[in-house]
Amino acid sequence: EGYERAAATIQQAKRVVLFGLCQTTFKAQEKAAALVKRLNAQLFPSEGMLLSPFFKSIKSQRYSMATLEEIRQLATTIVFWGANPLHSCPRLAARYTVFVAGINAPDRHISRKVFYADPYENDMGAFAQRIPVEPENELEHLNTLIEIIEEGSYSIPKELEGLVQAIEASPFVAVFAGRGIAYSKTPQALMDAIVRLSNTISKRTACALLPVISDFNALGLYLALSHKGIDPADSPLIKGDLQSYQPERGDTLVCIGSDPFWFFKEDQIAAIHALDLPVIAIS
């Protein structure tokens, strides 16, 4: 009965809007991607804020990725930019990047140099060196770092000295871009700079770039979209921040493995109620 009612509601909708889909299997994602294409629906992935600018950046620039096991074994310099894995995905730090031994880091995190770029001191400071950034100078810091590595400059700002030295001495560097980037005023410019940074480091030593995603199959969703002929970087069907959703009369909301009402703004929720929009939750 639930399936029948949901299908009828979707068929009657003027516009279907999907939320979530990052916490499900690849086959389910492919089915949903086909549905998005068939219905000309809007899709707000639960990790869209980070991955939408990421996929736009890597479409225009080359970049190197690695498996987490390669990073565990080989990386001796780890950079978290706009990410705190202790809260978003603690197993990343415990199993692969900090508190674990590897070929190039036999004595666990003592062999690794870990850095985090953040406006504030946080619990990462117990084992990592902070790169102080502010919203108004974050892009400037990234561009300065790129120039220093590219040109081998001897004039290095004090807050970047440790990071530059660690990169120069490291056989393998891993850069993790986190959701903090998505909250800036210029998320695309910051993500473009992060990709440029990883490519600049790659000219000197091996470097891998990965987005820090909390949902287990977020990258799978974007691959599923590509399989169905939907460009995750440029398609008008794929949206980023769900707080940009504008409720319209005739919408049907479909939430798959996600609860966007935790993250909607008050005026969005008020509009959804005022328009009496139907909501389908698959969870």
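Trainee: In this predicted model, what is the relative accessible area of Glu248?
Mentor: A residue counts as buried under 20% and as exposed over 50%, with partly exposed in between. Glu248 belongs to the partly exposed class, because its relative accessible area is 39%.

Trainee: With which residue does the side chain of Glu248 meet in a salt bridge, and how many residues apart in sequence are the parts that the pair ties together?
Mentor: The partner is Arg15, at 3.7 Å from N to O.

Trainee: Is Arg15 buried or exposed?
Mentor: The cut-off for burial is under 20% relative accessible area. Arg15 has a relative accessibility of 16%, and therefore it counts as buried.

Trainee: Which residue forms a salt bridge with Arg179?
Mentor: The closest N and O atoms of this pair are 2.9 Å apart, and the partner of Arg179 is Glu47. Arg179 lies in the loop between β6 and α9, and its partner in the loop between β2 and α3, so the pair ties together parts 132 residues apart in sequence. Arg179 is partly exposed at 25%, while the residue that counts as buried, at 1% relative accessibility, is Glu47.

Trainee: In which helix does Glu168 lie?
Mentor: The side chain of Glu168 meets that of Arg204 in a salt bridge of 4.0 Å, N to O. Arg204 lies in the loop between α9 and β7, 36 residues away in sequence, and the helix that holds Glu168 is α8.

Conventions:
Residues numbered from 1 in each chain as written. Predicted model: local features only at pLDDT ≥ 70, side-chain atom pairs only at ≥ 80, totals over all residues. Heavy atoms only, no water. Buried < 20%, exposed > 50% of the residue type's maximum accessible area, 1.4 Å probe, protein only. Helix = DSSP H or I, 4+ residues; strand = E, 2+ residues; numbered from the N terminus.
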